[in-house]
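Please work through the model shown here, taking its contacts and its helices in turn.

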Amino acid sequence: MRLEIQCEDRIGMVREALDLFIPHGIDMRLVEVDTKRRCIYCGFSDIPFSKLQQLLADIRRLDSVEDVKTVMFTPSEREHNALYTLLEALPDGVISVDLKGNITMVTELAAQDLNVPVLNLLHKPVQQFIKGINVSKEAWANPRDGMSKRIRIRNKTLLLEMKPIFVSDDEGVANPAGTVIYLKSKTRLDRQAESLKQAPDAENHLETYFQPALIKSAVMKRTLLQAKAFAQVPMPLLIQGEVGTGKRDLVDALFQYWQKRQGELEAQLIIRHAREIVKDDIIALEKLSGWFVIEDIEFLDEQAQVALADWLSRQPGESTSLDSNVRLVILSSLSQMQLGKGDILNKDLYFSLAALVLPMPSIRERKEDIEGLVLQIVSVQAERYRMPVPSISKGALTKLALYSWPGNLKELQNTCLQTLLTTQDKEWQADDVQLPENNYMADMVLIDDSLEVTVKQWEAELLKRLYPSFPSTRRLAKAVGMSHSAIANKLKEYGINTYLPD
């Protein structure tokens with residue numbers, strides 16, 4: 001429990017307030033004076049409400065007391081926790097030691113580097129855990145200069161940087177108060193640099209938002225070519241693709257590309273789900289400037305559809321927003337045929353919205369991009385969870401490439417995260433990647449009334465399953481007892497070698 005006593009700043013005020021706690025048998029655990037706020041803060045264990053009422057009444061009767069109330073924390077507690085939260089957010093491990101070289105504060109990342117729990121580090125000599133530091137007691141007590149050196153802990157090379165802490169007294173004299181130690185790893189530095197390279201910004205072109213490794217497939221290259229062509233035309237745009245294909249990412253990239261080309265830095269990108277949109281939102285389009293994105297247009301209710309059709313009909317040109325300050329961008333996971341039937345959307349509205357159509361291909365249509373996607377996803381996830389970026393074997397990449405990915409990018413991201421968390425400090429192998437079982441072979445029946453066709457289908461599925469464990473034609477040929485050329489021809493015939501990683 002914490003009390004805030006607001007009062008005049010006078011001699012004896014703190015003692016008079018603290019004396020009132022003694023008759024109630026309260027054990028004080030914290031006393032803090034804030035002269036700027038003219039407050040005294042007292043911390044102690046919770047007490048019964050009746051006793052608290054009596055204590056508050058006694059404090060209010062003190063001369064110079066203006067108010068007293070319970071608070072959740074004191075200013076120093078808030079500042080301490082804010083500082084600790086800030087340190088935890090840093091990409092480097094941080095340790096604070098006192099003038100005797102004992103640890104007074106340590107972040108979780110530093111504790112991980114030392115392989116010791118945080119609680120087991122506090123108030124212990126730092127040299128007990130970092131053998132590479134040779135600092136005398138006199139140097140700890142009078143830190144004057146910083147120091148940088150390489151050390152090895154748990155077979156990892158770390159850059160250790162030490163900087164002294166000074167606290168100024170009332171006369172402005174800086175007195176030594178301890179030392180801060182930063183632990184920097186090459187892996188984390190490399191990961192930060194890579195993340196900085198990959199981070200999209202308003203100056204990037206559409207192609208650089210999607211890294212070159214992500215657009216090896218012809219279908220994705222065609223999508224980006226169309227995206228560039230459609231970016232400058234202020235007509236309604238329909239982006240269509242299966243759930244999880246990354247339509248939102250494409251919108252972000254396209255908007256940034258358009259902003260750079262047009263110089264419309266004040267324009268807004270507003271993204272709303274169709275379920276949330278009402279008639280008034282459509283009317284308010286006249287006041288907007290930028291892009292208005294409607295996700296899952298198939299869920300737009302009838303009133304909003306009528307209002308949107310009316311708004312489009314009032315735009316100059318034939319159902320376009322040519323002279324409007326806002327551009328409509330529509331996202332849907334349904335096919336154009338499904339949307340155009342008239343069962344879900346008014347037909348006239350659909351054809352007005354589908355002035356330009358940009359397809360977002362599924363993962364199974366862009367198998368050549370799998371390796372680049374996986375490496376980018378894992379790099380981002382490793383940075384987020386402060387883990388080393390793992391190496392991924394050809395067998396693991398092959399297994400990922402051969403899967404059909406019905407959940408598209410979202411499923412790929414989930415699979416990568418699961419593997420990252422369960423497979424640490426080692427190269428990913430095919431067996432480390434857990435994917436849903438494919439029961440196709442168990443359920444196989446005669447195809448096209450042809451034994452030959454059925455056997456070929458079975459053979460193709462079998463080779464797809466075997467290849468991740470034997471990721472080369474020579475190794476696969478040896479495993480199944482066939483010649484290298486025969487296996488190479490079968491992989492080519494079944495289209496397996498067209499999207500395997502190099």
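Q: Among contacts in the chain between residues at least 6 apart in sequence, what percentage join residues at least 24 apart?
A: This is a predicted model, in which local features need pLDDT of at least 70 and side-chain atom pairs count only at pLDDT 80 or more, while totals for chains, interfaces and linings use all residues. Residues are numbered from 1 along each chain as its sequence is written, and side-chain values use heavy atoms, with hydrogens and water left out. A contact means heavy atoms within 4.5 Å, and among those in the chain between residues at least 6 apart in sequence, the share joining residues at least 24 apart is 62%.

Q: Which helices do the buried residues of H17 pack against?
A: Helices are DSSP runs of H or I with at least four residues, numbered from the N terminus, and H17 covers residues 408–422. Its buried residues (buried means under 20% relative accessible area with a 1.4 Å probe, protein chains only) include Leu409, Leu412, Cys416 and Leu420. The buried residues of H17 pack against helix H15 (370–384) and helix H16 (394–402).

Q: How are H9 and H10 oriented to each other?
A: Helix H9 (residues 218–231) packs against helix H10 (residues 247–262) at an angle of about 45°, where axes are lines fitted to C-alpha atoms, for helices over the stretch in contact, and angles run from 0 to 180 degrees between N-to-C directions. Angles under 35 degrees count as roughly parallel, over 145 as roughly antiparallel, 65 to 115 as roughly perpendicular and the rest as oblique. H9 and H10 are therefore oblique.

How values were computed. Helices (H or I, at least four residues) and strands (E, at least two) are DSSP runs, numbered from the N terminus. The expected span of a helix is 1.5 Å times one less than its number of residues. Buried means under 20% relative accessible area, exposed over 50%, partly exposed in between (1.4 Å probe, protein chains only).
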